[in-house]
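This report goes through one protein chain and its ligand. It starts with the overall fold and then turns to individual parts.

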Amino acid sequence: MASYDIIKAAYATTAVRRDQYPEGNVPEVAFLGRSNVGKSSLINSLCNHRGLARVSGAPGKTQTINYFSAALRRRDEEEGEQRLPFYLVDLPGYGFAKTGGRNRDMWSAFIGEYVTQSPNLCVLCLLVDLRHPGLAIDQQAYDWLASAGVPLQIVGTKADKLKANEKNRNLAQLNKLFPSDRPALAYSSLKRDGFGPLAKNLFERVLAVSR
Ligand SMILES: Nc1nc2c(ncn2[C@@H]2O[C@H](COP(=O)(O)OP(=O)(O)O)[C@@H](O)[C@H]2O)c(=O)[nH]1
Ligand SMILES: [Mg+2]
């Protein structure tokens, strides 16, 4: 059976405009969600690198698009090892306007620009707190992304805060509310629960656009 991991993660660059996006054709996996949903924690956990993306108790801090370079590695006894370079892209959180209305508008503008105009985006992970599957703000984000035709992977975060039966019930709810090509996945950044299925999924998506 194949195993997956993410290696060599490092900060690459920051952008707020299209002309600041990295050059070249390295595939990108982006992460989006409400402020405080656990985006930075997820990126750190996936990369096994605590201080990579900043984790904050105070929501609304990340106001730029941050790129981290890394490689997805697949290892299989028979087929050997395969490495796919990619970027993890940490997008600003939505739904929290600590710095006032104008900033909030600006966030959505450059999130929108990235999502619709980044040529290397191959999948966007939409993070939803698994305890709260039906928030209006997440529904709005999903509706907008789905209508823009963005390839989505729904990730239910903070899964360690739920019992197994609640986890399954809320995952089913996520699949109903936010349908996409592939089923929603539960993840705990605290315990790294859910790493295998998510890493496999991302590997397959990145492989599909790699040459
Ligand atoms: N129990 C638990 N807490 C988490 C998890 N992921 C994030 N958190 C906590 O949620 C808060 C916000 O996390 P952060 O990654 O900064 O969220 P971001 O604003 O979406 O980047 C922090 O206090 C984290 O420690 C998780 O999987 N389990
Ligand atoms: Mg963050």
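**Overall fold**

The model is predicted, and local features are given for residues with pLDDT of at least 70. The protein chain holds five helices and seven strands. Read from the N terminus, the order of these elements is β-β-α-β-β-α-β-α-β-α-β-α. The chain has a radius of gyration of 16 Å, close to the 17 Å that the globule rule gives for 211 residues, so it is as compact as a globular protein of that length. Along the principal axes, its C-alpha atoms occupy a box of roughly 55 × 45 × 35 Å.

Of the 211 residues in the protein chain, 48% are buried. The accessible surface amounts to about 10,600 Å², and carbon and sulfur atoms contribute 48% of that surface. Among contacts with a sequence separation of 6 or more, 76% join residues 24 or more positions apart.

**Helix H1 and what follows it**

Helix H1 spans residues 39-47. The helix is mostly covered, with eight of its nine residues buried. The buried residues are Lys39, Ser40, Leu42, Ile43, Asn44, Ser45, Leu46 and Cys47. Their cover includes strands S1 (3-15), S2 (28-33), S3 (65-76), S4 (80-90) and S5 (121-129), together with helix H5 (195-209).

Is Asn44 buried or exposed? Its relative accessible area is 6%, which is under the 20% cut-off, so Asn44 counts as buried. Beyond its neighbours within four places in sequence, Asn44 is in contact with His49, Arg50, Gly51, Leu52, Ala53 and Val55.

Just after H1, Asn48 has a positive phi of about 55°. His49 sits in the loop between H1 and S3. With a relative accessibility of 32%, His49 is partly exposed. Leaving out residues up to four places away in sequence, His49 touches Ala9 and Asn44. The C-alpha atoms of His49 and Ile7 are 9.4 Å apart, although the two residues are separated by 42 residues in sequence.

**The ligand site**

Which residues come nearest to ligand 1? Of the 16 residues around it, these are Asn36, Lys39, Ser41, Asp160 and Ser189. By class, the shell divides into three nonpolar, eight polar and five charged residues.

A backbone N or O atom of Val37 is 3.3 Å from an oxygen atom of ligand 1, and for a backbone N or O atom of Gly38 the distance to a ligand oxygen is 2.9 Å. On the side-chain part, an N or O atom of Asp160 lies 2.7 Å from a nitrogen atom of ligand 1. Taken on its own, ligand 1 has 580 Å² of accessible area, and the protein covers 81% of it.

**Loop residues**

| Residue | Loop | Relative accessible area |
|---|---|---|
| Val26 | between S1 and S2 | 26% |
| Lys158 | between S6 (152-157) and H4 (164-177) | 22% |
| Arg192 | between S7 (185-186) and H5 | 28% |

Val26 is partly exposed, as is Lys158. Arg192 is also partly exposed. Leaving aside neighbours within four places in sequence, Val26 is in contact with Pro85, Phe86, Tyr87 and Asn120.

Most residues other than glycine have a negative phi. Lys158 has a positive phi, near 60°, and is not a glycine. In Arg192, likewise not a glycine, phi is positive at about 65°.

Notes. Residues are numbered from 1 along each chain as its sequence is written. Chains are lettered from A and ligands numbered from 1 in the order in which they are written. This is a predicted model: local features need pLDDT of at least 70, side-chain atom pairs count only at pLDDT 80 or more; totals for chains, interfaces and linings use all residues. Side-chain values use heavy atoms; hydrogens and water are left out. Helices (H or I, at least four residues) and strands (E, at least two) are DSSP runs, numbered from the N terminus. Buried means under 20% relative accessible area, exposed over 50%, partly exposed in between (1.4 Å probe, protein chains only). Contact means heavy atoms within 4.5 Å. A residue is near a molecule or strand if one of its heavy atoms lies within 4 Å of it. A polar contact is a pair of N or O atoms within 3.5 Å; within protein, one must be able to donate a hydrogen and the other to accept it, and residues adjacent in sequence count only if both atoms are side-chain atoms. Accessible areas come from the Shrake-Rupley method with a 1.4 Å probe; for residues, only the protein chains shown count as cover. Ala, Val, Leu, Ile, Met, Phe, Trp, Tyr, Cys and Pro count as nonpolar, Asp, Glu, Lys and Arg as charged, and the others, Gly among them, as polar. The radius of gyration is taken over C-alpha atoms; the globule rule is 2.2 Å times the number of residues to the power 0.38.
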